[in-house]
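Subject: Structure for you to look at

Hello,

Here is the structure I said I would pass on. Please open it alongside this email and follow the notes below.

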Amino acid sequence: MGRERCDNGLMRNVGDRLREIRKVKGYPQEKVMFNTRIKISRHERGVANVTLTILSVLCKYYGVTLEEFFRGIDID
């Protein structure tokens, strides 16, 4: 098997977007982790790759659609 592909810039952008939405909602990381059972710190810092499942759970928790989430992401 080959090495996993990684786009560090995209991971940072996704992490920044996750942090932005969480802060707008006024949720501390501890509350999100308690309610979703997802350790979001590494995802928000862009050092862990976010799976679609995790992203979907977080978007539902924050009350945003995946479309709305990606509207705020610079993919270039």
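Leaving aside neighbours within four places in sequence, Arg22 is in contact with Tyr27, Pro28, Gln29, Val32, Ile40, Glu44 and Tyr62. Keep in mind that this is a predicted model.

Arg22 sits in helix 1. Its relative accessibility is 7%, and buried means under 20%, so Arg22 counts as buried. Two of the contacts of its side chain come with distances. The side chain of Arg22 makes a polar contact with the side chain of Glu44, at 2.6 Å. The side chain of Arg22 also reaches the backbone oxygen of Tyr27, at 2.9 Å.

Two packed helices are described by the angle between their axes and the distance between the axes. Helix 1 covers residues 8-25 and helix 4 covers residues 52-62. The angle between them is about 25°, and their axes are 11 Å apart. Angles under 35 degrees count as roughly parallel, so helix 1 and helix 4 are roughly parallel to each other. The crossing of helix 1 past helix 4 is left-handed.

Which residues meet where helix 1 packs on helix 4? From helix 1 they are Leu18, Ile21, Arg22 and Lys25, and from helix 4 they are Leu55, Leu58 and Tyr62. Sorted by type, the residues of this contact are 5 nonpolar, 2 charged and no polar.

Regards

Terms used: Residues numbered from 1 in each chain as written. Predicted model: local features only at pLDDT ≥ 70, side-chain atom pairs only at ≥ 80, totals over all residues. Heavy atoms only, no water. Axes fitted to C-alpha atoms, helices over the stretch in contact; angles between N-to-C directions. Helix = DSSP H or I, 4+ residues; strand = E, 2+ residues; numbered from the N terminus. Parallel < 35°, antiparallel > 145°, perpendicular 65-115°, else oblique. Left-handed = near helix turned anticlockwise from the far one by under 90°. Contact = heavy atoms within 4.5 Å. Nonpolar A, V, L, I, M, F, W, Y, C, P; charged D, E, K, R; others polar. Buried < 20%, exposed > 50% of the residue type's maximum accessible area, 1.4 Å probe, protein only. Polar contact = N/O pair within 3.5 Å; in protein donor to acceptor, adjacent residues only side chain to side chain.
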